[in-house]
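User: I have a structure open and would like to go through it step by step. Can we start with the overall fold and then move to details?

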Amino acid sequence: MLAEGVPVTVQGDGQERGERAWLVDFQNPDDNEFLAVNQFTVVEHNQKKRPDVVLFVNGMPLVVIELKNPADEHATVRKAYDQIQTYKAVIPSLFYYNAFCVVSDGLEARAGTISSAFSRFQAWKTIDGKKESSGHVSQLEVLIRGMLNRATLLDLIRNFIVFEKEKKTDAKTGLTQIETVKKIAAYHQYHAVNKAVESTRRAAAEKGSRKAGVVWHTQGSGKSLSMVFYAAKLIRDLDNPTIVVITDRNDLDQQLFDTFAASAGLLGQPPAQAESREHLKSLLRVASGGIVFTTIQKFFPEDGGPAYNRLSERRNIVVIADEAHRTQYGLKARIVDARARGGKPGGKRVAYGFAKYLRDAIPNATYIGFTGTPVESADINTPAIFGDYIDVYDIAQSVEDGATVRIYFESRLARVNLTAEGRRLIEEFESGMADDGAPENQRARARWTKLEAIVGHPERLKNLARDIVTHYEQRAEVFDGKAMIVAMSRRIAVALYDEIIALRPQWHSEDPNLGVLKVVMTSSSSDKMELDPEDPDSLVIPAHHRTNKEGRRLLSDRMKDPQDALKLVIVRDMWLTGFDVPCLHTLYIDKLMKGHSLMQAIARVNRVFVDKPGGLVVDYIGIGNALKEALAFYANSGGKGDPAETQARALDLLLEKIEVVRQMFHGFEYMHFFSVGIAERLSLILRAEEFVLAQQQGKERFIKEATVLSQLFALSVPHEDALALADEVAFFQAVRARLLKFEGDGNGAEKKGYETAIRQIVNQAVESTEVVDIFDAAGIKKPDISLLSEEFLQEVKGMQHKNLALELLRKILNDEIKVRLKLNITQGKNLLEMLEASIKKYQNNLLTTAEIIEELLAIARQIRAEDGLAEKLSLTNDEFAFYTALEVNDSAVAVLGDETLRSIAREIADKVRKNATIDWTLKESARAKLMVIVRRTLNKYGYPPDKQQKAIDTVLKQAEVLADYWVEH
């Protein structure tokens with residue numbers, strides 16, 4: 001509606017015709033009405049909220065900005081994000097037209113959509129798109145000037161927002177549902193796309209070069225979506241050109257096609273995937289328009305001749321080449337072996353590279369390349385075919401922005417020894433192989449065959465399987481996630497699967513919907529399904545390893561779902577490029593790779609996921625030299641940042657951080673934690689909490705440092721030195737988890753998603769994280785009836801650890817009050833105001849710890865007293881809720897007395913219940929009817945007329961709350 005306008009029917013000249021009514025004038029940004037409203041009040045479902053700033057365009061609230069005080073250490077960007085989540089739940093209508101949200105603490109500022117996780121809220125780093133702003137300028141100022149200026153805001157709304165469908169599986173029920181995820185371009189995508197569109201416009205002009213250039217955005221930084229944004233904007237700017245998206249691999253073509261297909265709304269048309277050469281020809285023989293996906297191999301002449309049929313002379317065709325430096329070359333002729341029928345030698349023939357055949361077919365097209373790895377400095381082909389770099393976004397910038405996580409490298413070659421001959425063959429073979437590990441000539445193929453036999457030796461595969469299982473399980477104990485194993489051949493992939501299943505038979509299943517481990521690869525009709533005694537050397541691929549396109553899509557969906565049981569996959573070539581699995585954290589490599597293919601493969605583990613600290617690449621075959629070469633040309637190409645750091649670096653950081661955390665416990669003996677019984681462990685955690693809480697800003701500092709410590713530990717496992725620290729880290733995690741449980745926002749479900757992806761590796765005795773778990777350790781008897789009994793309150797007051805008593809009381813009161821708010825807004829609001837006022841006085845040092853405990857105990861007693869009042873007045877909970885709503889007017893109480901108020905409350909409760917429907921709160925007619933009923937009831941009993949409107953408003957709010965509750969229950 002915003003981006004495409006609203007279809008309307010217009011009468012003119014006696015005829016009806018369809019047109020579009022535009023809610024926003026995108027062509028002339030200044031002709032729209034822009035309004036920034038401070039403290040805009042929204043009332044919905046009896047809740048009143050005031051977002052800090054709402055940006056309106058032509059009366060529509062398109063941007064919500066939540067600001068926190070930069071001088072308040074507790075008022076973080078994270079808190080601002082949490083506030084947005086509250087607004088979404090309480091006043092959802094504010095977000096019906098929302099384009100994106102901004103959160104800031106006055107200095108740091110990030111933007112994201114209503115479905116973005118906190119990790120996906122990102123900074124806007126530039127004002128003009130040409131250079132990054134100085135670190136001395138606040139991020140908020142940069143975001144306002146760079147992202148929220150009128151032209152950029154409208155451009156983002158129209159061209160840089162997509163909606164994608166994602167599968168979510170509930171871990172408890174096992175039910176799968178489809179969720180819509182809204183994504184907005186990051187600053188590097190926005191500016192790169194606009195540069196690319198402008199460059200394409202120049203290149204496609206009458207006298208243009210037809211070379212639009214190359215966009216180098218590091219793997220995992222959103223390159224595929226950048227291509228979608230580019231195509232969408234190009235379709236508008238170049239008057240509906242035909243866009244041809246070219247890859248060199250079927251699986252990459254499918255992955256990219258799926259991304260474009262999911263964004264058909266933004267593109268204005270569904271993309272088409274060429275299934276054959278003939279289909280490709282028919283798709284390109286059009287006058288204009290269309291988004292065509294094809295592999296470069298379909299441009300090879302069917303007869304093997306020197307030319308490809310011309311398909312179109314048009315100039316408004318744009319070719320987007322993904323990973324531009326791999327196969328879109330070859331304009332010069334070369335002499336190659338010809339093959340006769342049956343594959344026998346048939347003399348010589350003239351052949352060209354794919355670039356020549358592509359230009360035979362569409363000679364006037366404009367070319368642009370997108371790549372996740374840099375073009376080698378010695379490579380003269382890429383500039384010749386595509387032109388110079390349009391935009392560069394390297395690894396260092398991507399990691400700094402949080403678009404990707406850092407990758408660490410670990411060599412375990414020594415654990416799975418190769419023979420001396422194997423090591424010699426690797427050295428010889430490296431010089432004669434292509435990027436993807438394939439042999440380039442006959443001699444290299446012979447060496448490959450020998451090397452494959454050594455690498456795939458049964459004893460070696462047994463050792464490899466044992467080490468991978470141990471390594472993965474040790475990492476899985478620390479944090480959830482998935483892993484991928486890259487094998488040298490299909491034979492080895494199948495054999496390695498069998499060896500792993502021999503160790504972990506419960507991981508196997510022939511059902512593609514079940515099983516922890518799968519093999520993902522292609523198979524041919526010549527492959528045997530079982531061993532053939534007459535042909536024992538033939539490749540055997542069992543039926544359950546053979547997957548078609550739909551089968552691989554199913555496995556892809558399972559692998560991308562963090563909750564799915566599929567945790568490991570073995571691949572040869574599949575899924576090493578363009579395959580995006582954020583929860584993938586470990587890549588085991590047992591295949592020689594180099595250059596671009598190696599860089600693309602290791603980037604599989606650099607995606608952002610919850611609090612995933614980084615990805616790990618484990619080398620079993622000796623890719624160290626190839627990685628160094630790849631890093632060298634990466635740096636020479638102008639890229640900053642190492643694509644992979646050694647795991648030893650993570651270990652060094654872990655050792656530094658654990659010293660910081662240890663210092664916070666200086667003078668506190670905790671090392672006997674794992675050598676004592678359950679009760680003593682709980683008591684030790686209790687004392688540790690008190691020790692932390694007694695320090696200046698101790699809670700905040702400890703939670704921050706312990707979180708980073710856990711992440712570094714996760715990166716370092718299973719290094720022996722890291723495992724030696726497991727007990728200490730477990731203790732620190734237990735204390736951290738307990739402190740987090742005292743956060744009084746009651747939003748545990750939301751917190752679960754961001755606190756950490758790292759599991760607590762604590763003994764089962766202390767794994768439970770409910771607040772009441774510590775009662776026994778504190779010497780407090782948990783009451784059977786109520787947490788607010790006088791006996792219980794006295795025990796809390798007498799606790800030895802006063803800081804812990806305070807945290808415990810605050811948590812309990814907050815939870816108790818929120819329960820009451822769901823049924824009785826007047827009572828709940830009054831109690832919440834009392835609690836917040838007391839806590840604020842304590843935070844401002846107006847109350848000591850002992851005094852704040854007394855105030856909280858008084859609030860607890862008042863809650864208990866009010867809970868007993870309903871029974872004393874012979875009212876149900878529903879009737880008492882209306883009684884308290886009417887009682888807000890002291891004069892009404894004095895005039896009418898309790899008996900009359902009880903009668904009014906009973907009658908109103910009965911009438912509201914009879915008139916409550918699922919959607920009555922949304923219908924003005926229903927609200928008006930209820931207002932009349934309430935007014936008549938108040939008049940009937942002589943409620944003071946001058947107090948009636950306030951009573952009606954309060955009763956209506958209470959009615960909305962109870963109506964929702966009745967409908968739910």
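User: Among contacts in the protein between residues at least 6 apart in sequence, what percentage join residues at least 24 apart?

Analyst: Note that this is a predicted model. The protein has 33 helices and 27 strands. Take the contacts between residues at least 6 apart in sequence; those joining residues at least 24 apart make up 71%.

User: What share of the residues is buried?

Analyst: Buried means under 20% relative accessible area. The protein has 969 residues, and the buried share of them is 52%.

User: Which strands are the edges of the open sheet of seven strands?

Analyst: The order is β14-β15-β13-β16-β19-β12-β20, with parallel pairing. An edge strand here pairs on one side only. That holds for β14 (272-273) and β20 (389-393).

User: Which helix packs on this sheet, touching β13, β14 and β15?

Analyst: The helix spans residues 277-284. Its direction makes about 155° with that of β15 (291-295). The helix is α8.

User: Which residue in β19 stands opposite Val-214?

Analyst: Strand β12 covers residues 211-217 and β19 covers residues 366-371. Five bridges join these two strands, which run parallel. Opposite Val-214 stands Gly-369.

User: Is Leu-23 buried, partly exposed or exposed?

Analyst: Leu-23 sits in the loop between β2 (15-21) and β3 (34-38). With Met-1, Tyr-96 and Tyr-97, Leu-23 makes a nonpolar surface patch of about 430 Å². Its relative accessibility is 30%, so Leu-23 counts as partly exposed.

Conventions
Residues are numbered from 1 along each chain as its sequence is written. This is a predicted model: local features need pLDDT of at least 70, side-chain atom pairs count only at pLDDT 80 or more; totals for chains, interfaces and linings use all residues. Side-chain values use heavy atoms; hydrogens and water are left out. Helices (H or I, at least four residues) and strands (E, at least two) are DSSP runs, numbered from the N terminus. Buried means under 20% relative accessible area, exposed over 50%, partly exposed in between (1.4 Å probe, protein chains only). Contact means heavy atoms within 4.5 Å. Two strands pair if DSSP finds at least two bridges between them. Axes are lines fitted to C-alpha atoms, for helices over the stretch in contact, and angles run from 0 to 180 degrees between N-to-C directions. Patches are made of residues with over 30% relative accessible area and no salt bridge: like charges are joined within 9 Å, nonpolar side chains (Val, Leu, Ile, Met, Phe, Trp, Tyr) within 5 Å. Accessible areas come from the Shrake-Rupley method with a 1.4 Å probe; for residues, only the protein chains shown count as cover. A salt bridge is a side-chain nitrogen of Lys or Arg within 4 Å of a carboxyl oxygen of Asp or Glu.
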